[in-house]
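Please look over the notes below on how two parts of this chain meet. They are meant for a reader who has not seen the model before.

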Amino acid sequence: MYDTRKIVIILIMVFVAMAIIIRLFCVQILDNTYKLTAESNSRRKEIQYPSRGLIFDRNGKLLVSNQAVYDIMIVPREVHDLDSADFCSTVGIEMDDLRNLFKELRQNIRRRRASSYKPSVFIKQLSGERFAAFQEKMYRFNGFYAQRRTLRKYEYPCAAHVLGYVGEVNENMIKKNPYYSQGDYIGISGIESSFESYLRGEKGVNYLMVDVLGRSKGEFRDGEFDTTAVSGKDLTLSLDIELQKYGEQLMQGKTGSIVAIRPATGEILCMVSAPSYDPSLLIGRDRSVNFPILSSDPLKPLFNRAIQAWYPPGSTFKTINALIGLQEGVVTENSKFPCNHGYSIGSFHLGCHGHMSPLDLRQSIQHSCNGYYCYEFRSILDAPKFGGAHKALEVWKDHLVKFGLGYRLGIDIANENRGFVPNTAYYDKAKGPYWNSLGVISLSIGQGELLLTPIQLCNVAATIANKGWFYTPHVVHHIEGEQIDSLYRTKRETGIDTAYFSIVQDGMEAAVWGAGGGTAHGAQIPGIKVCGKTGTAQNPHGKDHSIFMSFAPREEPEIAITVYVENAGFGATWAVPIGSLMIERYLTGEIRKERKWVEDRILNAVLTPTAK
């Protein structure tokens, strides 16, 4: 029994010894973890930032490219014997700036936002010239090295609201997406934001061997652990940059917007918001200076009026009420209503300008008759088949929703507003349960509580041009190696009979070309059948807004456009000539000599008193 116990003990000892030997063999021969840990003291990890994807317009013109800059990185524990004066002279900063940078670094280390042992950004976005000087002297500055980055370069001083801008990530962004780390850049607005995942690419990593002075001694283990940065995907926009540039020129000294859409595809040809700014102001080290200036400007140049501003549509909305009335059978194309300088019932009167009376539906659009649409709208809300104005208003609203109103259209630029279409519940709360059609009659002429964004109204123009359908408006035409979202390839129907759109088109054509004149007579372009509708929207905060909604040519339309000029008065005075110039420029490539006076008048007009 003693011998058996001895054998068991010996076997256990042999087993333990073998386990230790095998483990030592694995650790020392097979497993290189500890070797790598030791080597980490003599290697440096450098992030390789990819170039963001390029952005082109519909004609292949480069809109946004990249330019190289360099961040000066610091490993605090390796910094010693720094010649501060030489360092400041080399990188182009003042001594006080250097002191502040070290102070900020120490604070970040205390707050654990930086480490004494790991590299972090010390000076951002050094120019190529400064980097060349720094590179020559880098061996003198222990603990410092440079890391290449790219900044956006805008080839045109326009389309800022469409393109957007890129900025440094904050802590909340990093928490939401682990791809980003301190010092990374991300699209903040516009296309740069909406298509960030395509544009940013994928970061790579290089590991370098360094000496005790932090100088590179070549690749770590022949690049075995390196990964290659993958550039972002290029985007081709539907934007016509020449049309965009021209629109911004026409809107100089004015506040408002221009939106143009290609009806057959829903592609946005231009999106002007005025006042605007040069997108180059928000790149590089100057961004920190320029952004607060733009943000505090009372004219709000950072505000994208084309998709964020809410306006009453005014008389342009009469086209939609006409279509709803026709579809619901409360009027026909031959229905006539009188207008005695407006609509009167009892003590109530809603005024109108002078024109022939009575008018049929086509003539009501041609002359933009308020009286006609008061009668027509009340015919909708008081139609017996609905059993009351409350139910009728819900039917009316449902039609508007199918036109893309009252909700976000879903365009591919962030921060789109939805506008506002009142419903029965809204009026029950605002007016009590006993309101009637007369109490909401301002909706008949696109006033009252009804609010649309310029992109929504332009989409209405495109829908009328298409006789009842539209594609969700979008700016991106093509993504490199990808297909645009199916949302922008799916046709959306209004449910209104195609024949009724032809009647409304007749009225819009007559508004421009009709015998006896029309409210959009100034939109005539020789050789092009333009259809249009003016609007003069009341504004409780000042002078009326000037509005124009149009498309051309009538057959196989190539462009639908909406122009808003804030506080400018009648639609025919300012919005109509701006819209017609844009249409002519897009369809013909130039402005005819006989219309140059119109162009000069618009270019030289300053309608915003505080315009800079």
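1. R58 forms a salt bridge with E267, with the closest N and O atoms 3.3 Å apart. A salt bridge here is a side-chain nitrogen of Lys or Arg within 4 Å of a carboxyl oxygen of Asp or Glu. Between domain 1 and domain 2 the count is 3 salt bridges.

2. This is a predicted model, in which local features need pLDDT of at least 70, side-chain atom pairs count only at pLDDT 80 or more, and totals for chains, interfaces and linings use all residues. Residues are numbered from 1 along each chain as its sequence is written, and side-chain values use heavy atoms, leaving out hydrogens and water.

3. Domain 1 covers 43–76 + 90–237 and domain 2 covers 241–611; these bounds come from an automatic or database domain assignment. The C-alpha centres of the two domains lie 44 Å apart.

4. In contact (heavy atoms within 4.5 Å) are 34 residues of domain 1 and 37 residues of domain 2.

5. The area buried between the domains is about 3100 Å², and carbon and sulfur atoms give 61% of that. Buried area is the accessible area (1.4 Å probe) that two parts lose on being put together, summed over both. R58, H161 and Y165 supply 22% of the area that domain 1 buries against domain 2, more than any other three residues.
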